Amino acid sequence: MKRYSDPSILPSAITPEYEYFDRRRLLAALAASAAMIIGSVGSGLAATLAPPRYTRNTKLSTREAPNSWEDVTTYNNFYEFGLDKSDPYERAQEFRSRPWTIEIAGEAELRGKFTLEDILKPHALEERIYRFRCVEAWSRIVPWLGFPLADLLARFKPTSKAKFVEFTTLLDPKQMPGQRSGVLDWPYREALRIDEAMHPLTLMVVGVYGKWLPNQSGAPLRLIVPWKYGFKGIKSIVKIRFTERQPATSWNMAAPDEYGFFANVNPAVDHPRWSQAKERRIGGNFLTSRIDTLPFNGYDDDVAALYRGMDLRRYY
Ligand SMILES: Nc1nc2c(c(=O)[nH]1)N[C@H]1C(S)=C(S)[C@@H](COP(=O)(O)O)O[C@H]1N2
Ligand SMILES: [Mo]
């Protein structure tokens, strides 16, 4: 695997140690300790748990400087809590992400319902700093905590008929006010082809910045597929199903011409309503915030082979 480096980033811009406080936040913390309270409130129930133990995977991490905790946890897409970027942070704090059950179903020898603890137990957590690119043409750099999805899926012994893997988010309109409206066909669903799901970069994420996931980021368990648009990164997963046929996915059902099943980051294929050639790096200033979008979000050396022979304009 190559090391994801961006030659435009100066060595001085690379965070040397485990220090993700940005300057703005550090100044705010000096001025008032209220800034620290925001951090813990923003973690919801997860803040009351013993902190996760993990190692750093620098080999699979970008060397770009991560965005701040604030950038990553107060500007979110999680339509179950509303359409505005601040809604998940403002409205997900009371969400109950523990206890949690995950169902494994479909084309696998082992199936059934498992507690979150059963699901997580055998997996060593690692931190990977990944690029993240939303289809809305913004991006950021995030230190996720998780483990390879492949390791989880292998435990259930998928059969030879398992060609796709489908993921489903919790359906609970009492807790998730967005589900009382019809913007999407709830529950949120996403899926990967089995080789995409098994790729070593595909991460089952349980934390960020060395902490358990805050609710707005998809507690307690969400997917991150760094070479794809963010909408593939389904949050608060309650079900994983192995299928023989390509599953229907929420965004694809809502707007098939805008959100393809594959959703690989591709600067050459515009969204019908905007260009995908550039992206706005969250937290940047007016000089540094607009940057070129890279094919497969910069992960092309590792994943392009998965799509060899496919017309990526057709399978966008
Ligand atoms: N259940 C669910 N998962 C979801 C979404 C959502 O609305 N509901 N939004 C997706 C989109 S469009 C993006 S860009 C990412 C945002 O993840 P983040 O808020 O952690 O950056 O989550 C994805 N996963
Ligand atoms: Mo997105």
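The space taken by ligand 1 is the second largest pocket, a pocket being an open set of points on a 1 Å grid over the protein atoms alone, with protein on both sides within 12 Å along at least five of seven lines. A molecule sits in a pocket if more than half of its atoms lie within 2 Å of its grid points. Welcome to this predicted model, in which local features need pLDDT of at least 70 and side-chain atom pairs count only at pLDDT 80 or more, while totals for chains, interfaces and linings use all residues. Residues are numbered from 1 along each chain as its sequence is written, chains are lettered from A and ligands numbered from 1 in the order in which they are written, and side-chain values use heavy atoms, with hydrogens and water left out.

**Around ligand 1**

- Ligand 1 is surrounded by 17 residues, and the closest are Asn 76, Tyr 79, Glu 80, Arg 140 and Lys 235; a residue counts as near if one of its heavy atoms lies within 4 Å.
- By class, this shell has eight nonpolar, five polar and four charged residues. Here Ala, Val, Leu, Ile, Met, Phe, Trp, Tyr, Cys and Pro count as nonpolar, Asp, Glu, Lys and Arg as charged, and the others, Gly among them, as polar.
- Nitrogen atoms of ligand 1 take part in polar contacts (pairs of N or O atoms within 3.5 Å): a polar side-chain atom of Glu 80 lies 2.8 Å from one such nitrogen, and a polar side-chain atom of Thr 169 lies 3.0 Å from a nitrogen atom of the ligand.
- Gly 233 contributes through its backbone, with an N or O atom 2.9 Å from a nitrogen atom of ligand 1.
- Taken alone, ligand 1 exposes 530 Å², and the protein buries 98% of that; areas come from the Shrake-Rupley method with a 1.4 Å probe.

**Salt bridges**

- The structure holds 15 salt bridges, each a side-chain nitrogen of Lys or Arg within 4 Å of a carboxyl oxygen of Asp or Glu.
- One of them joins the side chains of Asp 87 and Arg 91, at 3.7 Å from N to O.
- Because they are four residues apart in helix 4 (residues 87-91), Asp 87 and Arg 91 are separated by about one helical turn. Helices (H or I, at least four residues) and strands (E, at least two) are DSSP runs, numbered from the N terminus.

**Backbone details in loops**

- The peptide bond from Arg 98 to Pro 99 is cis, with omega near -10°, and Pro 99 is in the loop between helix 4 and strand 2 (101-106).
- Ala 219 and Pro 220 are also joined by a cis peptide bond, with omega about 0°; Pro 220 is in the loop between strand 9 (211-212) and strand 10 (222-224).
- Ser 236, a residue other than glycine, has a positive phi near 45°, and Ser 236 is in the loop between strand 10 and strand 11 (237-243).

How values were computed:
A polar contact is a pair of N or O atoms within 3.5 Å; within protein, one must be able to donate a hydrogen and the other to accept it, and residues adjacent in sequence count only if both atoms are side-chain atoms. On a 1 Å grid over the protein atoms alone, a cavity is a set of points where a 1.4 Å probe fits but cannot get out, and a pocket is an open set with protein on both sides within 12 Å along at least five of seven lines; lining residues have an atom within 4 Å of a point.
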